[in-house]
Amino acid sequence: MGIWGAVVGIQKACEALKTSCCLELSYEGLLRCVEVHAVGYTTDKQPVAVVWQKAGTMLEGWQVIRLERAKHLRVSGERSQAPRRGYERSRYPFDSIECSV
């Protein structure tokens, strides 16, 4: 997907977070519906989003999505319940943050 895809991924993930909506995407070949909690860059400059994976095509729980690998990102009309209990930004290796709950 490259750098342009990562930039679009960051924009879409932050849009979902700011509008309190879920983000739909394809990742590792599976469709997912996630609630975005934080978006930024890791210490090795990889664009990532910390999300709560909603039940559906995958098991429910915390995921770190590498945004350059995500495809078909779309802000859905479904409301996000972020912030979810148990979210701690300090557990994730962010160097910089673009947006967060």
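## Close-up views of strands, loops and backbone

**Pro-47, a buried residue of strand E3.** With a relative accessibility of 7%, Pro-47 counts as buried, because the limit for that class is under 20%. The model shown here and in the views that follow is a predicted one. Pro-47 belongs to strand E3, and when residues up to four places away in sequence are left aside, Pro-47 touches Ala-6, Ile-10, Gly-40, Tyr-41, Ile-65, Arg-66, Leu-67 and Glu-68.

**Strand E3 and its two covered faces.** Strand E3 spans residues 47-53 and is mostly covered, since seven of its seven residues are buried.

**The antiparallel pairing of E2 with E3.** Seven bridges connect E2 and E3, and the two strands pair in the antiparallel sense. Within this pairing, Tyr-41 has Pro-47 of E3 as its bridge partner. Four residues stand between the strands of this hairpin, and in the hairpin Lys-45 adopts a positive phi near 70°.

**The antiparallel pairing of E3 with E4.** Strand E4, made up of residues 61-66, runs antiparallel to E3 and is joined to E3 by six bridges. At one place in this pairing, Gln-53 is found opposite Gly-61 in E4.

**Gly-40, a buried glycine in strand E2.** Gly-40 is located in strand E2, which covers residues 30-42, and its relative accessibility of 0% places Gly-40 among the buried residues. Leaving out residues up to four places away in sequence, Gly-40 makes contact with Gln-46, Pro-47 and Val-48, as well as with Phe-94, Ser-96, Ile-97 and Glu-98. The C-alpha atoms of Gly-40 and Gln-53 are separated by 18 Å, with the two residues standing 13 residues apart along the chain.

**Gly-29, an exposed glycine between E1 and E2.** The loop that lies between E1 and E2 contains Gly-29, and the relative accessible area of Gly-29 is 71%, so this residue is exposed. Between the C-alpha atoms of Gly-29 and Arg-69 there are 10.0 Å, while along the chain these residues are 40 residues apart.

**Ser-20 and its positive phi.** Ser-20 is a residue other than glycine, yet its phi has a positive value near 55°. The residue sits in the loop between helix H1, residues 2-18, and strand E1, residues 21-27. Ser-20 counts as partly exposed because its relative accessibility is 33%.

**His-72 and its positive phi.** His-72, which is not a glycine, likewise has a positive phi, in this case of about 55°. His-72 is placed in strand E5, and with a relative accessible area of 65% this residue is exposed.

Ala-82 and Pro-83 are joined by a cis peptide bond, for which omega is about 5°. Pro-83 lies in the loop that runs between strand E5, residues 71-79, and strand E6, residues 94-100.

**The whole chain, as a setting for the close-up views.** One helix and six strands are present in the protein, and along the sequence they follow the pattern α-β-β-β-β-β-β. The radius of gyration is 12 Å, close to the 13 Å that the globule rule gives for 101 residues, so the protein is as compact as a globular protein of that length. Taken along the principal axes, the C-alpha atoms fill a box of roughly 30 × 30 × 25 Å. Of the 101 residues in the protein, 46% are buried, and among contacts with a separation of 6 or more, 59% are accounted for by residues 24 or more positions apart. The accessible surface of the protein comes to about 5,600 Å², and 52% of this surface belongs to carbon and sulfur atoms. The protein carries 14 positive and 11 negative charges, whose mean positions are 2 Å apart.

Definitions and conventions: Residues are numbered from 1 along each chain as its sequence is written. This is a predicted model: local features need pLDDT of at least 70, side-chain atom pairs count only at pLDDT 80 or more; totals for chains, interfaces and linings use all residues. Side-chain values use heavy atoms; hydrogens and water are left out. Buried means under 20% relative accessible area, exposed over 50%, partly exposed in between (1.4 Å probe, protein chains only). Contact means heavy atoms within 4.5 Å. The radius of gyration is taken over C-alpha atoms; the globule rule is 2.2 Å times the number of residues to the power 0.38. Accessible areas come from the Shrake-Rupley method with a 1.4 Å probe; for residues, only the protein chains shown count as cover. Lys and Arg count as positive and Asp and Glu as negative; His and the chain ends are not counted. The place of a charge is taken as NZ of Lys, CZ of Arg, CG of Asp or CD of Glu. Two strands pair if DSSP finds at least two bridges between them.
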